[in-house]
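Colleague: Could you take me carefully through the place where the ligand is held, and explain each term as you go?

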Amino acid sequence: MSSTDHLIMSSPKRKSQAPAENHSDTAKKPRITEDGADDDLATEMPIVAANGAPDSHINPELAIAYWCSTEATVNGVLGGFPQVSRIDLQGSSNFLAKLRRQSKQFPTSKKLRRAVDCGAGIGRITSGFLSKVADTVDIVEPVKSFTDQIKGKEHVGDVYNVGLESWHPDKEGLGNYDLIWNQWCVGQLTDGQFVAYLKRLPRVLSEGGWIIVKENLSNHQLGEDVYDEVDSSVTRTDTKFRKLFEDAGLRLVSTELQKGFPKGLYPVRAYALQPR
Ligand SMILES: C[S@@+](CC[C@H](N)C(=O)[O-])C[C@H]1O[C@@H](n2cnc3c(N)ncnc32)[C@H](O)[C@@H]1O
């Protein structure tokens with residue numbers, strides 16, 4: 001591997017790599033791992049910020065502009081990798097089922113009362129998974145053309161068209177969530193915003209409920225987070241995630257790597273968290 005190979009690695013939310021010279025010629029696709037150079041998938045290049053922490057480069061206006069110009073389909077929100085959706089949803093369902101088998105409050109025999117799909121996109125996770133396990137699923141997603149796809153569907157409750165950094169469920173006064181699902185979206189928040197957001201959640205989490213974070217992991221060779229200029233997001237390392245959970249006062253109760261994704265994509269890990 002050359003010293004610059006880490007610059008052209010991408011991941012499974014929707015990204016891949018591009019030759020360095022095509023740096024500005026970007027299109028979203030799932031991301032390629034350090035050992036999975038897959039030239040067929042190459043269209044863009046996430047970068048490691050040369051100056052400053054990777055998350056200091058996040059620009060919410062660029063991020064929203066990118067997502068607003070993305071087609072409101074599974075293909076769009078998964079960056080041209082719709083085929084990973086089924087296995088992702090199955091992995092999520094298995095992960096939650098294992099948590100519930102150990103739970104006094106939320107055994108698998110009963111439906112959850114209320115869940116929320118955070119950074120929900122078009123509601124791929126809500127329609128394919130959360131609405132099957134919960135009576136009501138609220139949606140938090142800044143892009144309205146995405147939430148228009150899911151609004152009003154069976155089991156869908158309130159829809160909040162805001163970014164997670166601006167979502168204050170504790171102030172909405174609508175009661176508690178048994179499950180707060182965050183997937184492929186927290187990279188849009190700076191580390192500080194992410195921790196502040198996580199700190200708000202215990203106030204709206206039912207006793208025994210779970211905060212789930214399921215995200216791509218940076219496998220940068222120097223163990224750094226990676227800034228992605230295409231959607232102005234960061235891909236964090238496992239170490240960074242664990243530190244931020246700790247900073248937010250959350251306890252990691254279970255974690256699992258997603259299995260069965262196509263070779264060449266960044267690893268994806270699910271974390272189940274509860275207040276300490
Ligand atoms: C890769 S898509 C994932 C969508 C969905 N979680 C899924 O897995 O199908 C990323 C989503 O994050 C949303 N997003 C962008 N900025 C955000 C923010 N500040 N807070 C929450 N979500 C954001 C985008 O609009 C987009 O819908």
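Modeller: A nitrogen atom of the ligand lies 2.8 Å from a polar backbone atom of Gly119, and this is a polar contact, meaning a pair of N or O atoms within 3.5 Å, where within protein one atom must be able to donate a hydrogen and the other to accept it, and residues adjacent in sequence count only if both atoms are side-chain atoms. An oxygen atom of the ligand is 3.5 Å from a polar backbone atom of Gly121, while a polar side-chain atom of Glu141 is 2.7 Å from an oxygen atom of the ligand. The protein covers 98% of the 590 Å² of accessible area that the ligand has on its own, an area that comes from the Shrake-Rupley method with a 1.4 Å probe.

This is a predicted model, in which local features need pLDDT of at least 70, side-chain atom pairs count only at pLDDT 80 or more, and totals for chains, interfaces and linings use all residues. Residues are numbered from 1 along each chain as its sequence is written, and side-chain values use heavy atoms, with hydrogens and water left out.

Around the ligand there are 21 residues, each with a heavy atom within 4 Å of it, and those that come nearest are Gly119, Arg124, Glu141, Glu165 and Gln183. Two helices, α1 (60–68) and α4 (124–133), each supply at least two residues of this shell, helices being DSSP runs (H or I, at least four residues) numbered from the N terminus.

The ligand sits in the largest pocket, which is to say that more than half of its atoms lie within 2 Å of the pocket's grid points. A pocket is an open set of points on a 1 Å grid over the protein atoms alone, where a 1.4 Å probe fits, with protein on both sides within 12 Å along at least five of seven lines, and its lining residues have an atom within 4 Å of a point. Of the 27 residues that line the largest pocket, Gly119, Glu141, Trp184, Cys185 and Gln188 are the closest to its centre, and α1 gives the most to this lining, with four residues.
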